[in-house]
There are 2 protein chains.
Amino acid sequence: MLKKTLALALLGGLAGCAGNNLVVADVGSFHVGGRTVTLSGLPEKEIVYSPGAPVVKVNPNGDYAVEALYARYTLLASPKARYPLMLWHGGGLAGTTFETKPDGKPGWESYFLRAGYNVYVNDAVERGRASWARYPEIFKGEPFFRPKKEAWELFRIGETGGYASNPSARKSIAGTQFPIEYFDQFAKQAIPRWSTNDAATQAAYDAYVEKVCPCVIVVHSQGGNFAFNSALKYPDKVKALVAVETSGSPDPDTFDYAKVKSVPMLWLWGDNLDKAPWPAVFARQEKFRTLLVKAGGIGDRIALPELGVRGNTHMLMMDRNSDQVAELIDRWLTRQGVKR
Amino acid sequence: MLKKTLALALLGGLAGCAGNNLVVADVGSFHVGGRTVTLSGLPEKEIVYSPGAPVVKVNPNGDYAVEALYARYTLLASPKARYPLMLWHGGGLAGTTFETKPDGKPGWESYFLRAGYNVYVNDAVERGRASWARYPEIFKGEPFFRPKKEAWELFRIGETGGYASNPSARKSIAGTQFPIEYFDQFAKQAIPRWSTNDAATQAAYDAYVEKVCPCVIVVHSQGGNFAFNSALKYPDKVKALVAVETSGSPDPDTFDYAKVKSVPMLWLWGDNLDKAPWPAVFARQEKFRTLLVKAGGIGDRIALPELGVRGNTHMLMMDRNSDQVAELIDRWLTRQGVKR
């Protein structure tokens with residue numbers, strides 16, 4: 001009886017220690033990849049870096065570290081997954097996509113940590129903590145900035161032409177899962193992008209895969225192109241790939257599908273894909289997926305409306321039912337054998 | 001005997017659960033502050049956002065979310081400190097300053113978490129995940145990019161003129177604590193900066209303090225100006241301020257020291273402050289500090305060489321003895337009563 005009581009106390013103690021908490025072995029970050037570029041022939045500048053600081057002469061010529069990727073990781077003391085899960089963001093955004101949602105509720109980083117995965121969240125080249133470089137000297141094009149209106153329409157949160165500065169005058173898509181009262185908070189996550197850095201971004205992602213994997217990749221939107229290419233280059237390191245509303249991919253007509261037959265892939269789609277430019281995006285991804293399956297690969301698809309789940313936007317991981325969507329991913333990954 | 005054995009097992013179980021691990025109640029992030037700016041009169045552009053994606057017409061006119069601050073937090077299940085500790089970075093850098101060091105070893109974020117503080121690490125306006133805005137339409141100046149040579153010299157890692165592209169040809173300051181073999185890795189953390197965003201940055205920091213504090217602020221370099229101003233505005237919310245090699249501050253001749261008498265402050269300095277431009281920086285900070293003390297405030301100073309600790313650079317939190325420096329801060333904070 002005493003033995004039983006104390007054993008229960010022991011179990012209770014252990015549960016109380018973890019409980020709803022995460023037992024974390026380590027948190028940290030790193031930059032990976034990139035190169036050094038040397039500039040010359042530019043004029044000197046005088047700068048006062050902060051009020052009261054002395055004038056400093058700065059010579060902008062010389063060596064610069066550019067085109068690295070930044071990643072932050074959280075490692076559990078006892079992960080249930082065999083492989084870490086990497087969350088790759090989309091265009092005009094950074095790793096913040098997967099952190100706390102704009103409505104203040106836990107995002108997918110938190111979900112997958114609590115589901116037992118070690119989680120890596122990165123900022124790709126040119127975004128966030130990965131930093132950006134002088135243009136046109138180093139980056140060859142110019143940056144694009146996303147106005148709120150574009151995010152409202154392109155991400156299928158609101159109707160085309162439905163954005164207004166005044167939040168109460170905005171027209172959202174009927175039944176949207178996006179918490180539209182937090183749309184302005186979401187807009188703060190926007191980060192300028194280039195359309196000329198794909199080779200550098202791919203190189204940094206490849207270096208990232210080499211450093212962290214074997215792994216599972218969950219990739220969103222523009223990131224798709226980089227993830228499919230990394231899977232092609234490292235089919236033994238990418239143990240599964242979840243393509244969340246991927247907007248980019250290598251050319252479906254020339255992709256070497258046979259090389260990625262060992263990499264199970266899942267495409268996940270939200271609702272209202274009949275709105276431009278999504279039919280073309282979806283068709284191209286479906287072509288890629290069906291050619292993969294035809295070549296003997298695993299190319300599964302979850303279109304949420306087919307499961308009766310309606311109203312999901314392009315930003316599934318911020319929608320009110322983001323946990324429900326993450327659970328579908330976790331279940332699919334579990335079926336691929338990534339959990340212990 | 002059985003009772004004792006099981007009690008020991010219980011204790012052992014609890015210790016094993018935490019052990020060297022962190023028991024974390026929550027991780028997350030947010031953007032705070034900022035404003036909406038509306039642009040008009042700019043021409044439309046056609047963009048292909050990623051290979052294979054359709055051409056999208058982008059109208060750059062409209063509303064933009066700008067000038068917010070980004071912060072990431074880790075909250076412990078049982079913090080030992082009464083207040084969260086905020087780590088504010090310096091110029092041309094972001095919150096990465098305090099994460100894993102360039103040599104791969106744990107940085108100050110990790111140190112203070114393990115010392116029992118809830119820790120917040122932010123990216124100020126224009127940096128990292130806080131993002132940046134079009135210039136000259138929104139940001140009024142142009143960005144500056146830090147060449148490796150400037151970091152090598154200005155941060156007192158190497159001698160003036162001692163930088164070379166070839167790592168083995170670089171001249172470091174004798175006895176430096178900076179792990180110079182990882183200098184190129186450190187250079188990847190550099191982030192473009194403006195000298196025209198101080199008002200916006202201050203506003204965002206103030207919003208951050210309003211959201212998170214009461215708190216303790218540990219601020220580095222350029223961040224000093226913002227932290228002293230926030231302490232002036234919120235003396236009841238800032239429970240202690242540690243100024244780590246602060247290079248900026250409000251005008252010492254006009255600052256209202258009486259208002260911050262309740263905010264204990266500590267200035268912390270590394271070695272080799274005789275190198276330009278540091279004598280002027282140090283003199284101005286010392287003027288600020290001594291006027292604070294004269295007005296009845298607490299303005300302590302730790303100059304590491306006076307304790308026999310030599311070779312520390314401007315990047316104390318990345319130096320080999322970063323734990324030793326953090327321990328001095330933790331001890332000082334403990335003396336100010338911030339631990340339970």
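The request and the reply follow.

Reader: Please examine strand 7 of chain B: which way do Leu85(B), Met86(B), Leu87(B) and Trp88(B) point, and which strands pair with strand 7 of chain B?

Author: This is a predicted model, in which local features need pLDDT of at least 70 and side-chain atom pairs count only at pLDDT 80 or more, while totals for chains, interfaces and linings use all residues. Residues are numbered from 1 along each chain as its sequence is written, and chains are lettered from A and ligands numbered from 1 in the order in which they are written.

Strand 7 of chain B comprises residues 85-88; helices (H or I, at least four residues) and strands (E, at least two) are DSSP runs, numbered from the N terminus. Leu85(B) and Leu87(B) point one way from this strand, and Met86(B) and Trp88(B) point the other way. In a regular strand the side chains alternate between the two faces of the sheet. Leu85(B), Met86(B), Leu87(B) and Trp88(B) are all buried. A residue is buried if 20 or more other C-beta atoms lie within 10 Å of its own, exposed if 12 or fewer, and partly exposed in between, with C-beta atoms placed from the backbone.

As to partners, two strands pair if DSSP finds at least two bridges between them. Strand 7 of chain B is joined by three bridges to strand 8 (residues 119-123) of chain B, and the two run parallel. In this pairing Leu85(B) stands opposite Val119(B). Between the two strands, the chain passes through helix 2 (residues 108-114) of chain B, and this β-α-β crossover is right-handed: with the strands pointing away from the viewer, the path from the first strand over the helix to the second runs clockwise. Strand 7 of chain B also pairs with strand 9 of chain B, in the parallel sense and over four bridges. Here Trp88(B) stands opposite Val219(B).

A cis peptide bond joins Cys213(B) and Pro214(B), with omega about 20°. In chain A, a cis peptide bond likewise joins Cys213(A) and Pro214(A), with omega about 20°. Pro214(A) is found in the loop between helix 5 (198-212) and strand 9 (215-220) of chain A. Ser221(A) lies in the loop between strand 9 and helix 6 (223-233) of chain A. Its phi is near 55°, a positive value in a residue other than glycine. Ser221(A) is buried, with 27 other C-beta atoms within 10 Å.

Another positive phi, of about 65°, belongs to Asn272(B), which is not a glycine. Asn272(B) lies in the loop between strand 11 (265-269) and helix 7 (278-294) of chain B, and is partly exposed, with 19 other C-beta atoms within 10 Å.

78 residues of chain B are in contact with 78 residues of chain A, two residues being in contact if their C-beta atoms, placed from the backbone, lie within 7 Å. The side of chain B that touches chain A has 39 nonpolar, 26 polar and 13 charged residues; Ala, Val, Leu, Ile, Met, Phe, Trp, Tyr, Cys and Pro count as nonpolar, Asp, Glu, Lys and Arg as charged, and the others, Gly among them, as polar. Strand 1 (residues 22-32) of chain A and strand 1 (residues 22-32) of chain B run antiparallel, joined by three bridges. Val24(A) stands opposite Leu22(B) in strand 1 of chain B.
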